[in-house]
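Okay, thanks for making time, everyone. Have a look at it first.

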Amino acid sequence: MEFGLFYVLESPDGDFKRAYDEMLGQIEYAEELGFDSVWVAEHHSSSYGSIPSPQVALAAIAERTKKMKIGSLVSVLTLGNPIRLAEDYAMVDVISNGRLQFGVGRGYQPGEFEILGVDMHNTRARFKEELEIIRGLWTNDSFTYNGEFYQLNDVSIRPTPIQSPPPIYVASISPETFDIVAEMGLNITATPTLSTLDELKVQLHDAREILIQKGMKPEDIDFPINLQVHVAENAEVAYERTGEYFKWYFDRVLSLVPGAKGEKAAKGYEAFADVAKNMSNITFEQMRQSGVIHVDGPQALIEQIEDMQEQFGLKQLSTWHRVGGMSDKLVRESMEMMAKEVIPYFKEKEAKQKDKVGLSK
């Protein structure tokens, strides 16, 4: 079981220098505390996120860390050029000495597509081609591709990644994407931000079964989950600390999803309109009870993680502590509590299981 951090890097106050300094400092501290990885998300032109270029952020993180895996969660392929993305992330893999984890998605916020002049329709088909191209460029000295949207003739990139290829995770819980995932031997990643944790567990359990039926080995299936977290000594303290930050976050994200303003959602994004409507009046306590967020003591988080392990074989959990621009002090206190009370439980559990296996041989 591996534990990581996650950043959208929301900046309600517009102080981006503070946000970047705090994030980099927290990541350095996380490596000292024993966290295994860090992931960053791509967003554009909004206080919701301050990382328009994950590859730039990951290059900086690679220089601040020595052992942690570093990843995008996600890089929005449909908003970029696949050749350029393959080059940029290959650089990150080289700079980090092979520590890149490449999480990809097709994006979901209409405003980002609009400002970058990208058509939000047909994103699934373009996404598939872009993913095939990036992987092809990473695994071939010279790559030719003839698709509906892209044509390449004997293209090579420099540098090439150390890993061939880096592990790739596709952000999706839709059956339409499972074929892509299974065909390419990839894995899925998900965040229960706009669905309950119970719903996500069912979806990932079903996805696991589908991928096994399509030929993937159970031991090769790895579904990293990203969970919004604040860990304190008890639920009351955690509630008191975090309410304003979570309220800002959910108010903001629900104003940015497809259909949030009453407009018709683009094809393939219709479900977001229903989600925005259903969650518009959800309370802080309801978010906690449904597993959308974890604001509680360490024991409750341990129980939640064990349940996810049982449901779909969870191997990686990334935890989103800096929600809504939360203060550096509160973020670090939550990280410390998790590192001292949660992570050791699972490391000790795994060590005991390995000992049992060794004795049985």
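This is a predicted model: local features need pLDDT of at least 70, side-chain atom pairs count only at pLDDT 80 or more; totals for chains, interfaces and linings use all residues.

Let's begin with the helices. Two packed helices are described by the angle between their axes and the distance between the axes. So, helix 1 against helix 2: the axes sit 10 Å apart and the packing angle is about 40 degrees. Angles under 35 degrees would count as roughly parallel, so with that angle helix 1 ends up oblique to helix 2. The crossing of those two, helix 1 and helix 2, is right-handed.

Who touches whom? On the helix 1 side you have Leu24, Ile27 and Glu28, and they meet Ala60, Ile61 and Arg64 of helix 2. Sort the residues of that contact by class and you get four nonpolar, two charged and no polar ones.

Helix 1 has another partner, helix 12, which covers residues 328-341. Here the axes come within 11 Å and cross at roughly 15 degrees, and that makes helix 1 roughly parallel to helix 12. Again, helix 1 passes helix 12 in a right-handed crossing. From helix 1, the residues in this contact are Glu22, Gly25, Gln26, Tyr29, Ala30 and Leu33. Facing them in helix 12 are Asp328, Val331, Arg332, Met335, Glu336 and Ala339. By class, the contact of helix 1 with helix 12 has six nonpolar, two polar and four charged residues.

On to the rings. How many aromatic pairs does the structure hold? The count is 10. Take phenylalanine 102 and tryptophan 138: their ring centres are 5.1 Å apart and the planes are at 65 degrees, so this pair is edge-to-face. Phenylalanine 102 is in strand 4, residues 100-105, while tryptophan 138 is in helix 5, residues 123-139, so the pair ties together parts that are 36 residues apart in sequence. And are phenylalanine 102 and tryptophan 138 buried or exposed? Both are buried.

Now compare a pair of sequence neighbours. Tyrosine 345 and phenylalanine 346 are edge-to-face too, with 5.0 Å from centre to centre and 85 degrees between the planes. Tyrosine 345 counts as partly exposed because its relative accessibility is 33%, whereas phenylalanine 346, at 1%, counts as buried. There's also a cluster linked by ring pairs, made up of Phe6, Tyr48, Tyr249, Phe250 and Trp320.

Last, the backbone. Leucine 73 and valine 74 are joined by a cis peptide bond, with omega at about 10 degrees. Valine 74 belongs to strand 3, residues 69-76. There's a cis bond from arginine 158 to proline 159 as well, omega near 0 degrees, and that proline 159 sits in the loop between strand 6 and strand 7.

Leucine 9 has phi near 65 degrees. You'll find leucine 9 in the loop between strand 1 and helix 1, and it's buried, with a relative accessible area of 0%. Serine 45 has a positive phi as well, about 55 degrees. Its loop runs between strand 2 and helix 2, but serine 45 is exposed, with a relative accessible area of 65%.

Conventions: Residues are numbered from 1 along each chain as its sequence is written. Side-chain values use heavy atoms; hydrogens and water are left out. Rings of Phe, Tyr and Trp (its six-membered ring) pair if their centres lie within 6.5 Å; planes under 30 degrees apart count as stacked, over 60 as edge-to-face and the rest as tilted. Helices (H or I, at least four residues) and strands (E, at least two) are DSSP runs, numbered from the N terminus. Buried means under 20% relative accessible area, exposed over 50%, partly exposed in between (1.4 Å probe, protein chains only). Axes are lines fitted to C-alpha atoms, for helices over the stretch in contact, and angles run from 0 to 180 degrees between N-to-C directions. Angles under 35 degrees count as roughly parallel, over 145 as roughly antiparallel, 65 to 115 as roughly perpendicular and the rest as oblique. A crossing is left-handed if the near helix is turned anticlockwise from the far one by less than a right angle, and right-handed if clockwise. Contact means heavy atoms within 4.5 Å. Ala, Val, Leu, Ile, Met, Phe, Trp, Tyr, Cys and Pro count as nonpolar, Asp, Glu, Lys and Arg as charged, and the others, Gly among them, as polar.
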